Amino acid sequence: MTLNNNRKIQNRIVVLRAERGLSQREVADKLGVSRQTIISLEKNRYNPSLKLAFDIALLFGVDLHDVFQYEIEEEK
């Protein structure tokens, strides 16, 4: 299998955060990161470390796959 550059990680942090009534600051404080990190994650500008990804899933009480999805875009 050949991997290509048409891969993207999407996340549901905004949705999960809103469902729980948490602000970006509250999530950042609970995870020990900056609010800017949460903003960047929510806008898909930054992919978290594996540890941070698991910490996010734990914070929301969901499986890692319920937070992050690995999408392969079709080649044009």
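## Overall architecture

The model is a predicted one.

The protein chain has 76 residues, of which 32% count as buried. Its accessible surface is about 5400 Å², and carbon and sulfur atoms account for 50% of that area. When contacts between residues at least 6 apart in sequence are considered, 61% of them join residues at least 24 apart.

## The nonpolar core

The largest nonpolar core of the model contains 15 residues. Within this core, Ile13, Ile56, Phe60 and Val67 are the residues with the most contacts. Four helices, namely α1 (13-19), α2, α3 (35-42) and α4, each contribute at least two residues to this core. Helix α4 provides the largest share, with five residues.

Setting aside residues up to four places away in sequence, Ile13 touches Leu41, Glu42, Ile56, Phe60, Val67 and Phe68.

## Packing of helices α2 and α4

Two packed helices are described by the angle between their axes and the distance between the axes. Helix α2 spans residues 24-31 and helix α4 spans residues 50-60; the angle at which they pack is about 115 degrees, and their axes lie 10 Å apart. The crossing of α2 past α4 is right-handed.

On the α2 side, the contact is formed by Val27, Lys30 and Leu31. On the α4 side, Leu52, Asp55, Ile56, Leu59 and Phe60 take part. Classified by residue type, this contact comprises six nonpolar residues and two charged residues, with no polar residues.

## The enclosed helix α3

Helix α3 is largely enclosed by the rest of the structure, because six of its eight residues are buried. These buried residues are Thr37, Ile38, Ile39, Ser40, Leu41 and Glu42. They pack against β1 (7-11), α1, α2 and α4.

Ile38 belongs to helix α3. Its relative accessibility is 1%, and since buried means under 20% relative accessible area, Ile38 counts as buried. Apart from residues up to four places away in sequence, Ile38 touches Gln24, Val27, Ala28, Leu31 and Val33. Val27 and Leu31 also belong to the contact that α2 makes with α4.

Arg25 lies in helix α2. With a relative accessible area of 42%, Arg25 is partly exposed, because that class covers values between 20% and 50%.

Arg25 and Ile38 are 13 residues apart along the chain, and their C-alpha atoms are 8.2 Å apart. For Arg25 and Ile39, which are 14 residues apart along the chain, the C-alpha separation is 9.6 Å.

## The loop after α3

Asn44 follows α3 and is located in the loop between α3 and α4. Although Asn44 is not a glycine, its phi is positive, at about 60 degrees. The relative accessible area of Asn44 is 25%, so this residue is partly exposed.

Strand β2 covers residues 68-72 and includes Tyr70. The C-alpha atoms of Tyr70 and Lys8 are separated by 5.9 Å, while the two residues are 62 places apart along the chain.

Once neighbours within four places in sequence are left aside, Tyr70 is in contact with Arg7, Lys8 and Ile9.

Conventions: Residues are numbered from 1 along each chain as its sequence is written. This is a predicted model: local features need pLDDT of at least 70, side-chain atom pairs count only at pLDDT 80 or more; totals for chains, interfaces and linings use all residues. Side-chain values use heavy atoms; hydrogens and water are left out. Axes are lines fitted to C-alpha atoms, for helices over the stretch in contact, and angles run from 0 to 180 degrees between N-to-C directions. A crossing is left-handed if the near helix is turned anticlockwise from the far one by less than a right angle, and right-handed if clockwise. Contact means heavy atoms within 4.5 Å. Ala, Val, Leu, Ile, Met, Phe, Trp, Tyr, Cys and Pro count as nonpolar, Asp, Glu, Lys and Arg as charged, and the others, Gly among them, as polar. Buried means under 20% relative accessible area, exposed over 50%, partly exposed in between (1.4 Å probe, protein chains only). Accessible areas come from the Shrake-Rupley method with a 1.4 Å probe; for residues, only the protein chains shown count as cover. A nonpolar core is a set of buried Ala, Val, Leu, Ile, Met, Phe, Trp, Tyr and Cys residues joined through side-chain atoms within 4.5 Å.
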